[in-house]
Amino acid sequence: MGESGGCLPGAPPVVDAHLTQLWGNFAVGFPAGAKLLDLACGTGAVLRSVLRANRELSLVGVDYADLPKGKSKKIKLVGGTDIADMRFKDGEFDGLTSQFGVEYCDIDAAASEIARVTRPGAPLQFIVHHAESPIVEQNRNRHAALAAIDRSSTMQMGRAAAAQPGSDTGMLSQTLSLIARSHPGQTVVNEIAAAIDHAVRFGGKNAAREFDRIENNLAQELAVLGALQSVALDEAGATAFVDSLGTGFACSSPQPVQIQGLATPLAWLVSGKRSG
């Protein structure tokens with residue numbers, strides 16, 4: 001979604017407002033000209049929040065993925081970057097940020113490098129996934145529905161039906177209906193069912209290519225959602241994450257980010273400073 005997107009597209013306004021306030025409060029503590037580094041920045045959602053609160057900052061974001069060129073002259077996004085091997089000077093940055101990103105890296109391997117590029121005393125603020133958050137729960141359910149489709153024979157039946165126009169697709173429809181009933185509220189099942197139906201009815205010579213596209217998208221989303229579940233932290237995991245930052249950082253105990261109206265915490269807030 002580029003610069004129009006964020007870490008939580010479609011989230012309720014109260015969630016976006018709370019996160020924006022957290023970043024605004026963090027940003028106003030820096031003097032003019034301070035340089036901040038956002039780890040696993042995506043397309044810069046956090047940096048845009050920081051910039052709205054403090055226009056006098058120099059902002060850089062890094063991400064392992066290739067990134068589109070940003071429009072803001074005050075935000076520099078650097079893609080294709082391993083957090084454990086960054087091409088920045090020692091002590092170059094006056095602060096660190098990350099939202100739903102840094103926990104995906106091997107923090108044990110990256111901690112010394114993150115510390116190297118940060119000046120002593122520089123504050124950090126990370127917002128990381130909470131294992132009980134509604135974000136993780138929603139995507140856990142979506143992952144389960146997608147996994148059910150992946151384990152089923154729907155793609156094979158769809159390919160066979162496309163290769164023999166006019167063949168009976170009753171078993172295919174029944175299988176998809178059963179998956180939909182087993183995973184209520186997961187509209188992605190109906191979306192995939194519609195895509196399969198379209199490939200069978202109108203794919204013709206392009207049917208095989210269309211099924212390849214569906215299967216590739218399915219595999220990619222399964223990987224992304226699986227990764228989210230693996231990095232979401234319970235209390236012990238959040239404490240271990242802080243410990244993994246090592247001697248380079250002095251951090252307080254991780255605090256749950258609680259949003260009014262949500263029964264479970266949205267995330268963990270990790271705060272601290274560069275040691276030394």
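Predicted model: local features only at pLDDT ≥ 70, side-chain atom pairs only at ≥ 80, totals over all residues.

Student: What makes strand S4 (residues 95-99) count as mostly covered?

Tutor: Residues are numbered from 1 along each chain as its sequence is written, and side-chain values use heavy atoms, with hydrogens and water left out. Now S4: 5 of its 5 residues are buried. Buried means under 20% relative accessible area, exposed over 50%, and partly exposed in between (1.4 Å probe, protein chains only). Strands are DSSP E runs of at least two residues and helices are H or I runs of at least four, numbered from the N terminus.

Student: Which residues of S4 are buried on one side, and which on the other?

Tutor: Gly95, Thr97 and Gln99 sit on one side, Leu96 and Ser98 on the other, and all are buried.

Student: How do you know that S4 pairs with S5?

Tutor: Two strands pair if DSSP finds at least two bridges between them. S4 and S5 have 4 bridges and run parallel, so by that definition they pair. Leucine 96, for instance, stands opposite leucine 124 in S5.

Student: Why is the crossover from S4 to S5 called right-handed?

Tutor: The chain goes from S4 through helix H3 (residues 107-116) to S5. The term applies because, with the strands pointing away from the viewer, the path from the first strand over the helix to the second runs clockwise.

Student: Why is valine 128 called buried?

Tutor: Its relative accessibility is 1%, and the cut-off is under 20%, so valine 128 counts as buried. Valine 128 lies in strand S5 (residues 123-129). Its contacts (heavy atoms within 4.5 Å) include Phe100, Leu233 and Trp268, leaving aside residues up to four places away in sequence.

Student: What makes strand S8 (residues 267-274) largely enclosed?

Tutor: 6 of its 8 residues are buried, so the rest of the structure largely encloses S8. S5 and S8 run antiparallel, joined by 7 bridges, with isoleucine 127 opposite leucine 269 in S8.

Student: How do you know that the buried residues of helix H5 (residues 154-163) are on the same side?

Tutor: Thr154, Met155, Gly158, Ala161 and Ala162 are the buried ones. They cover an arc of only 125 degrees around the axis, so they share one side of H5; the arc is that of the directions from the helix axis to the C-beta atoms. On the other side of H5, Gln156 and Ala163 are exposed.
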